[in-house]
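Please open the model in a viewer and keep the sequence panel at hand.

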Amino acid sequence: LWLHCASVGEVNTALPLLHELHRRNPQQNFLITTNTPTGAEIVARQQQPYLFHAYLPFDWMLSVTLFVSAIKPTALYVLETELWPNLLHEAGRTGTAAVLVNARLAPERMGRYRRLAGLYRPLLTRLARVGAQSDEDASANHHQAGRQFAVFQHKQRQQSTEDADDDSDRQETEALNRQERFGGFGHELEF
């Protein structure tokens with residue numbers, strides 16, 4: 001499973017989920033690509049045999065094609081707004097589901113996205129799923145792409161499993177919490 005995390009913040013967001021997924025499936029390995037040495041350092045500090053790091057190649061068709069053919073990912077999860085045209089094209093060409101997780105559009109970037117809607121819209125349509133950070137982000141992405149997006153509101157929806165009244169409530173809450181750890185997409189359905 002391949003996750004692209006631009007730098008430290010995205011890596012730190014992904015690590016708790018990856019540790020939990022590995023606990024549940026010890027044979028699962030994860031490739032984390034980053035753009036920065038600091039992101040790579042965070043991955044290396046984990047010293048886990050199931051976590052691998054590589055730098056994301058430049059978004060040139062040849063370099064991306066060679067990289068994807070070498071790693072043969074089962075899925076690509078991209079955190080936040082790391083939308084690289086050739087990367088998403090190659091994922092689609094090889095049948096690798098690309099999912100944008102924890103998507104957000106910073107208000108200061110909205111003008112740029114509107115001006116570049118002709119480029120941005122096709123990128124969003126190449127994604128199998130998108131999980132937005134907020135209603136505002138979902139709405140902004142919907143406006144740009146003309147499609148619906150799931151909303152990830154971890155702090156507002158997560159509740160403690162101790163608060164659940166019975167076993168079925170507890171199981172439902174645990175499933176919801178697992179899904180919310182990764183932008184609303186649960187392990188059972190997406191990995």
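**Strands 1 and 4**

Select strand 1 (residues 2–4) together with strand 4: the two pair in the parallel sense over three bridges, where pairing requires at least two DSSP bridges between the strands. Strands (E, at least two residues) and helices (H or I, at least four) are DSSP runs numbered from the N terminus. The model is predicted: local features need pLDDT of at least 70 and side-chain atom pairs 80 or more, while totals for chains, interfaces and linings use all residues. Residues are numbered from 1 along each chain as its sequence is written, and side-chain values use heavy atoms, without hydrogens and water.

Next, select L3; its bridge partner in strand 4 is Y77.

**Aromatic pairs**

Rings of Phe, Tyr and Trp (its six-membered ring) pair if their centres lie within 6.5 Å; planes under 30 degrees apart are stacked, over 60 edge-to-face, the rest tilted. The count is three pairs. Select F30 and Y50, an edge-to-face pair at 6.2 Å and 75 degrees. F30 belongs to strand 2 and Y50 to the loop between helix 2 and strand 3, 20 residues apart. F30 is buried at 1% relative accessible area, and Y50 is buried at 6%.

Finally, select F58 and W60: their ring centres are 5.0 Å apart and their planes at 25 degrees, so the pair is stacked. F58 is exposed at 61%, as is W60 at 56%.

Conventions
Buried < 20%, exposed > 50% of the residue type's maximum accessible area, 1.4 Å probe, protein only.
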